[in-house]
Amino acid sequence: MGPSTIDIIFLIFKIISIILYFFVMWFIYRKEMKEDTESNKSFYINFIINGFVDSFDILMMTFLLDVTRWGWFYEYFKYNEEFIRWSPIFSYLPIFWCEMGNLIITFNRFVALNFPFKYKLYWTKKVTIFLILIQFLLPLIVYHYLIGEQTKMNYLEECNCYSLSMASSVISQKNNITATIYTHTVFILTFVMSICNIIKFKKFAKNKHSNKESRTMLPFVLYCSIICFSTLFLALAYTIKMVGTILKSENVRANAQSYVTISMLCMTVIHPYLLLFINGRLRKKFFIYYIPCTRKFFSDEVTIHKTTQQRNADVNRRRTG
């Protein structure tokens with residue numbers, strides 16, 4: 001027993017992703033928040049908050065799920081009273097802190113894209129702070145009953161590994177039902193807002209005079225849409241886990257937990273990669289900030305792009321002339 005090759009690859013990927021996440025967060029804090037528009041600052045604040053939460057969640061899930069599955073520190077996980085009592089609350093809270101963070105980011109962009117004037121007027125620091133408090137307090141309120149509950153170690157012969165589950169089957173079933181309802185609710189909300197963002201973007205894209213606005217909107221529309229898919233995967237994973245709990249199948253629950261782990265990994269580590277991938281302007285500034293020698297490369301790229309645009313414009317004028 002112990003980590004497989006795939007487990008080691010995933011572990012390395014997690015470490016690299018957390019490091020990249022902090023590099024992006026530092027860049028946004030030190031440079032991008034000072035240079036970008038006021039309407040994007042609250043988005044970046046939520047991104048940074050989520051960065052810390054996502055990193056904490058990755059560490060917790062690695063410790064509570066992967067390490068226990070490998071059978072490491074078996075005596076500690078099985079018999080240590082402090083771990084048995086605090087592990088339930090930390091098995092769930094970080095997951096839903098992350099999901100609430102995704103919901104808040106989606107809501108932020110939804111209001112900014114669909115109601116820009118109201119966003120500038122009403123989305124103040126107080127609103128940002130209030131939503132951050134909601135992000136942390138709501139999951140705590142929902143799962144407050146886990147405080148004082150206990151976990152247990154189960155050995156699964158089929159996969160020759162251990163799984164960490166609730167000691168009480170009643171609490172376990174309550175957890176999975178609550179998580180299923182919670183994740184589906186978040187998915188529905190993010191889905192509706194993402195659809196509204198897409199509709200708004202299509203209206204701008206059809207207007208030739210709004211090309212600049214549509215190009216600015218596109219990265220955020222894509223960002224929220226992909227976040228929506230990640231919430232869907234998590235909702236489906238918890239649905240499978242709930243079915244396993246109802247059927248009292250430890251193997252189904254363990255497999256479903258692996259789906260939850262993969263879904264959460266996608267939901268957390270995707271942010272730095274996604275932000276850099278879909279936002280060309282931010283990506284260029286990011287690389288120039290950390291690797292100044294790339295400035296010439298990006299400058300040449302911009303020059304080539306502008307030259308190509310000018311040539312195309314000249315060709316179009318000749319054709320119309």
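## Aromatic pairs

Rings of Phe, Tyr and Trp (its six-membered ring) pair if their centres lie within 6.5 Å; planes under 30 degrees apart count as stacked, over 60 as edge-to-face and the rest as tilted. By that rule the whole structure holds 26 aromatic pairs. Phe43 and Tyr44 make an edge-to-face pair, 5.5 Å centre to centre with 65° between the planes. Both Phe43 and Tyr44 are buried (buried means under 20% relative accessible area, exposed over 50%, partly exposed in between, with a 1.4 Å probe and protein chains only).

Tyr143 and Tyr145 form a tilted pair, at 6.0 Å centre to centre and 40° between the planes. Tyr143 is buried, because its relative accessible area is 0%. Tyr145 has 13% relative accessibility, so Tyr145 also counts as buried. One aromatic cluster is made of Phe23, Phe27, Phe286, Phe287, Tyr289 and Tyr290.

## Basis of the model

This is a predicted model: local features need pLDDT of at least 70, side-chain atom pairs count only at pLDDT 80 or more, and totals for chains, interfaces and linings use all residues. Residues are numbered from 1 along each chain as its sequence is written, and side-chain values use heavy atoms, leaving out hydrogens and water.

## Charges over rings

A charge sits over a ring if NZ of Lys or CZ of Arg is within 6 Å of the ring centre and within 35 degrees of the ring normal. Lys174 lies over the face of Tyr145, 4.1 Å from the ring centre. The charged end of Arg109 sits over Phe220, 4.6 Å from the centre of the ring.

## Helix 1

Helices (H or I, at least four residues) are DSSP runs, numbered from the N terminus. Helix 1 covers residues 5-35. Its 31 residues should span 45 Å at 1.5 Å a residue, and the end C-alpha atoms are 43 Å apart, so the two agree. The expected span is 1.5 Å times one less than the number of residues.

A kink of about 45° is centred on Ile28; the bend is the angle between axes fitted to the seven residues ending there and the seven starting there. Ile28 is among the buried residues of helix 1, which also include Asp7, Lys14, Phe27 and Glu32.

## Asn102 in helix 4

Asn102 belongs to helix 4 (residues 81-114). Asn102 is buried, because its relative accessible area is 1%. Beyond its neighbours within four places in sequence, Asn102 contacts Asn50, Ile227, Ser230, Met267 and His271 (contact means heavy atoms within 4.5 Å).

Key. Helices (H or I, at least four residues) and strands (E, at least two) are DSSP runs, numbered from the N terminus.
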